[in-house]
Each structure stands twice: as structure tokens, then as C-alpha cells.
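Read the sequence and look at the model that follows. The paragraphs after it go through selected rings, strands, residues and a ligand in turn.

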Amino acid sequence: MITGATAGFGWATAIKFAQNGYNIIITGRRKERLNELKKLLETYNIKVLSLNFDVRKRDEVADVVKGLPEEWKKIDILVNNAGLASGLDHIDNSNIDDWDRMVDTNVKGLLYVTRAVCPLMVARGSGHIFNIGSIAGKGAYESGNVYCATKAAVDTLTRSMRIDLLKHNIRVTQIAPGMAETEFSMVRFHGDAEKANAVYKGIEALTAEDIANVIYYCASLPPHVCINDLVITPTQQADVIYNHRKI
Ligand code: NDP
Ligand code: 8X3
């Protein structure tokens, strides 16, 4: 089950797992994108269930998971990927709606989905949860304030979840990427393509496929091996502050 499969990492991850024979539950808010992805995934001869919901809607998340057909309740892998940055402004000048959007999606949404899916894994005594954090959760940068804080929350939640789920044989892995060229920056800058493109200028950024490959690698290790935390940046980026642009 992949949240936020309509673009970027989620989309690429769905394809990677489909290529390797997994049946997949894809989720997101944009229905047409889900329909398009479902058709594409089905070309790999797997089963696909498409669920159109917003991770911020607590009751809807619970109801959708509760209403899963029996055969789809055996979720082996949950990829908590749905998330976003909204705005890039100093703390004294930010749009509070942007803050709400990030906290509600990146932290509360991830929790709602986890709370709904986890008991299914606990009941079966196995499972693997991936939380998509960020290098923004490992260090703060100017104007990153609330986005960084939400990803720091994902970092801490991942560690705590791993402890809580230890006795249930559930692997919990955080993937913490650096700069990756997806729709992320277009969303962050509210559709301003010039600002979005400037983020990656002179940098060979990560691709969504790079992240999908890493997730698949972690998932395909033997069941007694759990990658706890994986930070991945482009070679031209050292951390949230230092990068080397070739311009
Ligand atoms: P994209 O914008 O390309 O994809 C984001 C996905 O999240 C979309 O499928 C979107 O679907 C979904 N989503 C957003 N809000 C909601 C919501 N409320 N309910 C359901 N789905 C939602 O970005 P990325 O693929 O780059 O981002 C994926 C994750 O990776 C995010 O958590 C992001 O913070 C993180 N990340 C990204 C990095 C980057 O540089 N790109 C680096 C580090 C981490 P829809 O709009 O259809 O609902
Ligand atoms: C996205 C990476 O550095 O733009 O999570 O915050 S960064």
C-alpha cells in the first residue's frame, strides 16, 4: 500500500513493486492520475486496488481501511509517502494555512494511515512500514521551519514505532532523501515553475526511480534484516546546507 502514488516517489515505487510481481494498493487525491497509474500497473499482470482519499481526513482513512475487501487486508508493506512542503518563508512571515497543510499531511496523515493499517500487520505478525522522511528532518535550513519540523517528527515517530512494533515482527524503515526532482518544488512554490526549477539548477538531482529502487532494496532484504534509517542525497549535496552547483 502506497500513499501518494499519483506522482513522484509514490508513482515510481508502485511501478518498481509491480515489476517485481507485487499486488498494489495505490492511494491519492487525484482520481484521474490513479486511474492512469492503475492501467499502467495492470500491464505487469498484477492486481491493483485504487483508493481515492485524502490522508488528512481521519474518519475517511479509518473507514477506507476498515472497508478493504478481505483479500486486500493482508498488507505486507505500507509506504507512508504522501506529503508535501508548502511555502518557503521565514517564521515571522509564513502563511499559517501552509503550516496547517504540512502538519496535517506529513505528521497527522501519516499517523492516521499507520494507525489504521498497523493492527492488520500486528494480527498477522509481520509487515514492513516505510516512512518517507527527509534530510530536512535531520537538520534545519533557512525558511524550512515547519517543513523541517514535520520531517523531524517523522524521524522520531519512525524510531518510536519501531520499538512499539518490535514484538510483532514488523520492520520500520525511514527513507530520508535529499533533493529529488519530482512535483515537490512545484507544490512547495504553489505552481511557480521558475522558482521550482531554480532549486535543481546545476545539480543532478535524485530521481523518483532512485528512491523507488532504494525502497525496493530495503523491502527485498531477508525478513530478519531491517534497515532502520537511510539518508540519500545527490552526490552534489552533502546535507541540507551544503551543495555544489555546476553552473
Ligand atoms: P510529489 O509532489 O511528486 O508527490 C507527492 C504525493 O503525495 C502525490 O502523490 C500527492 O498526491 C500525495 N499527497 C499530498 N498530499 C496528500 C494528501 N493530503 N492526501 C493524499 N495524498 C497526498 O512529491 P515527492 O514524490 O517528491 O514527495 C513524496 C514524499 O517525499 C513527501 O513526503 C515529501 O515530503 C518527501 N520528500 C521529497 C523530497 C524531494 O526533494 N522531492 C526529498 C525528501 C522527502 P495527490 O496530490 O494526488 O493527493
Ligand atoms: C525535501 C528535501 O532539502 O528540499 O524534503 O527540504 S529539502
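**Rings, strands and a ligand**

There are four aromatic pairs in the structure. Rings of Phe, Tyr and Trp (for Trp, its six-membered ring) count as a pair if their centres lie within 6.5 Å; planes under 30 degrees apart are stacked, planes over 60 are edge-to-face, and the rest are tilted. One of the pairs is F17 with Y216, edge-to-face, at 5.1 Å centre to centre and with 75° between the planes. This pair links distant parts of the chain, since F17 is in helix α1 (residues 8-19) and Y216 is in helix α8 (residues 208-220), 199 residues apart. Helices (H or I, at least four residues) and strands (E, at least two) are DSSP runs, numbered from the N terminus.

The model is predicted: local features need pLDDT of at least 70 and side-chain atom pairs count only at pLDDT 80 or more, while totals for chains, interfaces and linings use all residues. Residues are numbered from 1 along each chain as its sequence is written, chains are lettered from A and ligands numbered from 1 in the order in which they are written, and side-chain values use heavy atoms, with hydrogens and water left out.

Are F17 and Y216 buried or exposed? F17 is buried, with a relative accessible area of 5%, and Y216 is buried as well, at 18%. Buried means under 20% relative accessible area, exposed means over 50%, and partly exposed is in between (1.4 Å probe, protein chains only). Y216 also pairs with Y22: the ring centres are 6.4 Å apart and the planes are at 90°, so this pair is edge-to-face. Y22 belongs to the loop between α1 and β1 (24-28), 194 residues from Y216 in helix α8. Y22 is partly exposed, with a relative accessible area of 26%. Through these ring pairs, F17, Y22 and Y216 form a cluster.

Next come the strands. Strand β5 (residues 170-177) and β6 run parallel and are joined by four bridges; two strands pair if DSSP finds at least two bridges between them. I175 has L230 in β6 as its bridge partner. L230 and I232 make up the covered face of β6, and D229 and V231 the uncovered one.

The C-alpha atom of I175 is separated by 9.6 Å from that of N81, although the two residues are 94 apart along the chain. N81 is found in the loop between β3 (77-80) and α4 (96-124). It is buried, with a relative accessible area of 12%. Apart from neighbours within four places in sequence, N81 is in contact (heavy atoms within 4.5 Å) with T3, G4, F9, G10 and I132.

In the segment after β6 (229-232) lies Q237. Q237 is buried, with a relative accessible area of 6%. Residues up to four places away in sequence aside, Q237 touches I135, G178, M179, Y242 and N243.

Which residues surround ligand 2? They are S134, A136, Y141, Y147, F184 and R188, where near means that a heavy atom of the residue lies within 4 Å. An oxygen atom of ligand 2 is 2.6 Å from an N or O atom in the side chain of S134, and the distance given for the side chain of Y141 is also 2.6 Å. For Y147, a polar side-chain atom lies 2.6 Å from an oxygen atom of the ligand. R188 lies over the face of Y147, at 5.2 Å from the ring centre; a charge sits over a ring if NZ of Lys or CZ of Arg is within 6 Å of the ring centre and within 35 degrees of the ring normal.

Technical notes:
A polar contact is a pair of N or O atoms within 3.5 Å; within protein, one must be able to donate a hydrogen and the other to accept it, and residues adjacent in sequence count only if both atoms are side-chain atoms.
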